[in-house]
Amino acid sequence: MPSLRKLRPETVPLRTAPRGPRLVRLAMWGALGAGPLALAATLYAPPTAVVQAAPAPHPAEARTPADPRGAAELFVDLWLRADGANADSGIATAVRGLAPEVDLPKRPRSTDVPAAGRVVAVRTTVGPGAWTVVVAAVRDRTESAPGGSPNTAAPLVRYYAVSGTGGTEGVPVAIGGAPAEVAAPDAAAVPAAQFTRRVPAGGALETSLGEFVRAYLGGGQSGGLERYLSPGLRVSAPKTAPYVRVEVTDVLADAEAATAAAVPADGTKSRVQIRVSGEDKQGVRWPLVYRAEVTARAGRWEVSALESGITDLPSGTSSSSPAAASGGGR
């Protein structure tokens, strides 16, 4: 009889059921409990949901305020030539395109419509949400000369104030109505003179400036400008200058060192105002004024900055500053 062996239960390897279907079934049962809409969302949802961050909002672009001066100039120019008796003309249409409710001048049929030879804004006042521009309209008129002399053309200047709104924060410029004729604006106060020390004629500084001015207004024909300039300074001479004779009539400085007969130590600076007389080919003499900064170097004066005679040089201007580099081209 065969021996009996002790029977042992065979070990069956367990297989782990995937969790994916189980999680899906749990989600479906949970969605059934939540309602039909949740079930549909569960069935059609993608296996993996990727959450994307909302794009960061871009800051609003800075808007440049509109300048009302151009609109005021155009408006006055058209308004002066418009005629209310011909409201359908192109000029009247253009005027009402700028100010729809504006009243137009009315002239007799025999009167010619005067046109301004030039219209230019001379003063702008800006307030909260509103602005006013004073415009000068220049027109030539013929004046009879006494004693049988030929008639001469004399300019007639009239001033008009145009008011409106807009021009800031993206709001378009809007003209409020017809212009108002006003008096000429008061002249701005002239600042106190800073050039109080006279540079002696024939001295080192006056001689150097005379040579520089003649080379500058001569278009560089009398010699290169570089010899009169500090290292690094670039000045472009006006190529169309019509002068056949140029001379320096007066030089004023703001520093005592500029008035000495001898050239001071290297690095000494001074600002100067140069009065120039230029004579053209027709014999007309033109008075010109320049302002410059000069620097002593190697026993001579050099121009280290140059600008027109309208505004003062900023303090601390040097040959490497933008103001100095662009001087002379204006």
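These legends walk you through several close-up views of one predicted model. Residues are numbered from 1 along each chain as its sequence is written, and side-chain values use heavy atoms, with hydrogens and water left out. Because the model is predicted, local features need pLDDT of at least 70 and side-chain atom pairs count only at pLDDT 80 or more, while totals for chains, interfaces and linings use all residues.

**View 1. The largest nonpolar core.** Here you meet a core of 30 residues. A nonpolar core is a set of buried Ala, Val, Leu, Ile, Met, Phe, Trp, Tyr and Cys residues joined through side-chain atoms within 4.5 Å, and buried means under 20% relative accessible area (1.4 Å probe, protein chains only). F212, Y216, V272 and I274 have the most contacts inside this core. Helix 5 (204-217) and strand 8 (269-280) are among the elements that give two or more residues to it; helices (H or I, at least four residues) and strands (E, at least two) are DSSP runs, numbered from the N terminus. Helix 5 supplies the largest share, 7 residues.

**View 2. Strand 8 and its partners.** Two strands pair if DSSP finds at least two bridges between them. Strand 8 pairs antiparallel with strand 7 over 9 bridges, and antiparallel with strand 9 over 11 bridges. Look for I274 as the bridge partner of V251, and for R271 opposite E293 in strand 9. Strand 8 is largely enclosed by the rest of the structure, because 10 of its 12 residues are buried.

**View 3. The turn between strands 8 and 9.** These two strands form a hairpin with 4 residues between them. Find G283 in the turn, where phi is positive, at about 85°.

View 4. E206 lies in helix 5. This residue is buried yet has no salt bridge, which would be a side-chain nitrogen of Lys or Arg within 4 Å of a carboxyl oxygen of Asp or Glu. The nearest side chain of opposite charge, R214, is 6.9 Å away. Beyond four places in sequence, E206 touches V199, P200, A201, V248 and V251; contact means heavy atoms within 4.5 Å.

**View 5. Where to read with care.** pLDDT is the predictor's confidence in each residue, from 0 to 100. The protein averages 75, but pLDDT stays under 50 over residues 37-44 and over residues 309-330. Where pLDDT is low, the predicted coordinates should not be read in detail.

Technical notes. Buried < 20%, exposed > 50% of the residue type's maximum accessible area, 1.4 Å probe, protein only. Lys, Arg positive; Asp, Glu negative; His and termini not counted.
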